[in-house]
Amino acid sequence: MSENSSASANIGVVGLAVMGSNLARNLASREGNTVAVYNRSRYRTDELVQAHPEAGLVPSFSYKDFADSLSTPRTAIIMVQAGKGTDAVIDELVAVFEPGDIIVDGGNANFQDTITREARVRETGMHFVGTGISGGEEGALNGPSIMPGGSVESYKTLGPILETIAARAEDGAPCVTHVGTDGAGHFVKMVHNGIEYADMQLIAEAYDLIRRGTGKTPAQIADVFTEWNQGELSSYLIEITAEVLRQVDAETGKPLVDVILDQAGAKGTGAWTVQNALDLGVPVTGIAEAVFARSLSSSAGQRAAAQTLGGPSPVAVQDADAFIEDVRQALFASKIVAYSQGFDEIVAGAAKYGWDVKKGEIARIWRAGCIIRAQFLNTISDVYTENPELPALLLAPYFREHLEAAQDSWRRVVADAVRNGIPAPAFSSSLSYYDGLRSERLPAALVQGQRDFFGAHTYKRSDKDGTFHTLWSGDRTEVAQDPSTH
């Protein structure tokens, strides 16, 4: 047993890289918490304890010592790289923990893995809680948005601890709630990250359109974003965009944005969001285009070869202020679509996996601490609290009014982008989604006819019940089909 094992910690952290260390310090800074820490490499434990004596951390140098230093029911948060490393730590903790103890995975795990792990750990009588944590290194230290899944029973112990470290919204409410059972927490975090992809891409497209359309410098565009941050677009991402655009590279004296390589990286959660949306049959077009835009940006060889492709002659913007206002309106409208699509995926996921996800609560815990925190999440929370069965977020009166008011600007921006050969995939796909959703009739009828022609896939009619097939290779009469055979 370690020399400090006589101490009784109420929460432990395994994995002391930056995120784990910051989370341990955050926990330790809150009244009522004593934090046990363990890392496979001892030097990380020693460094953290020595650098922050004020935290009163309880170090351990074996899993047995770590378990002995925790009061029951033992609660430990794993902050290691997702994948095999997580499974290895779970196995070690299961070996030294007892029934009723709680193992929390705070990493960016795939929710399907979390479902599997929760079922496996449950067989031991212990609890496994997949928990989405958003806010990056700063959030881990000062207050993240936290999305725990797992059992209701485990949340009775874990919830009060997480509430001590969660970010606080303007009304003082902690940004944490029990999202749902097994993999719900990591599923909701995945969708959060998908919305984040869309939000960032939309902001980047707005910047690109303004720069190419008006010739403004990055610093001047930073002023535009700072002004936007005072209104309905107020958000963390708009705020930091202005900071990035204002930054000057010390070595070259150029705007930093002009010397950063224009190839965007990705860690996978955006792609997971799109892949699962496809499986669930939910269109998340804005998120998908944001993911594909990153992929295109990183296709360096193809982009270099394509520099010889022709394009239109640019048309100068006649009124810069009016154009910038159009872009602002288009940005807000497209953001509404991205959030609406994200919540649609959450609804579909909850239905498929049996989670009781409260949409108003999700919006509430995203109001602070997380990357997509924004002023209009207050409105989203109110909308879903008042009408949990709302068919789509963008149909709420507040958002409907803004979309209808913005649509002329939205259309002008997309048309200007096309006319000038400026890629704006997230703007244009969001507008197409809006138009598709509001269309009384879609060309899917023709698609169904095509499918029936080449594959006898059958179709339904709008004027009577039943399933039908046309004898395309015969006399082209229509015959009713037994739906059980298709």
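In what order do the strands of the open sheet of 7 strands run?

Mentor: The order is 3-2-1-4-5-6-7, with mixed pairing. Strand 3 (58-59) and strand 7 (145-148) are the edge strands, each with a single partner, so one side of each has no neighbour in the sheet. Strands here are DSSP runs of E with at least two residues, helices are runs of H or I with at least four, and both are numbered from the N terminus. Two strands count as paired if DSSP finds at least two bridges between them.

This is a predicted model, in which local features need pLDDT of at least 70 and side-chain atom pairs count only at pLDDT 80 or more, while totals for chains, interfaces and linings use all residues. Residues are numbered from 1 along each chain as its sequence is written, and side-chain values use heavy atoms, with hydrogens and water left out.

Within the sheet, strand 5 (residues 102-105) and strand 6 (residues 127-134) are parallel and share 4 bridges.

A search of the whole structure finds 16 aromatic pairs. One of them is Phe111 with Phe187, edge-to-face, at 4.9 Å centre to centre and 90° between the planes. Phe111 belongs to helix 5 (residues 111-122) and Phe187 to helix 8 (residues 184-214), so this pair ties together parts 76 residues apart in sequence. Rings of Phe, Tyr and Trp (its six-membered ring) pair if their centres lie within 6.5 Å; planes under 30 degrees apart are stacked, over 60 edge-to-face and the rest tilted. Phe111 is buried at a relative accessible area of 1%, and Phe187 is buried at 0%. Buried means under 20% relative accessible area, exposed over 50% and partly exposed in between, with a 1.4 Å probe and protein chains only.

Another aromatic pair, Phe343 with Tyr384, is tilted, at 5.1 Å centre to centre and 45° between the planes. It links helix 15 (residues 320-353), which holds Phe343, to helix 17 (residues 377-386), which holds Tyr384, 41 residues apart. Phe343 is buried at 1% relative accessibility, and Tyr384 is buried at 4%.

Strand 9 (residues 467-470) pairs antiparallel with strand 8 (residues 459-460) through 2 bridges, and antiparallel with strand 10 (residues 478-481) through 4 bridges. Phe468 in strand 9 is the bridge partner of Tyr459, and Gln481 in strand 10 is that of Thr467. Strand 9 is covered on both faces, with Thr467 and His469 buried on one side and Phe468 and Thr470 buried on the other.
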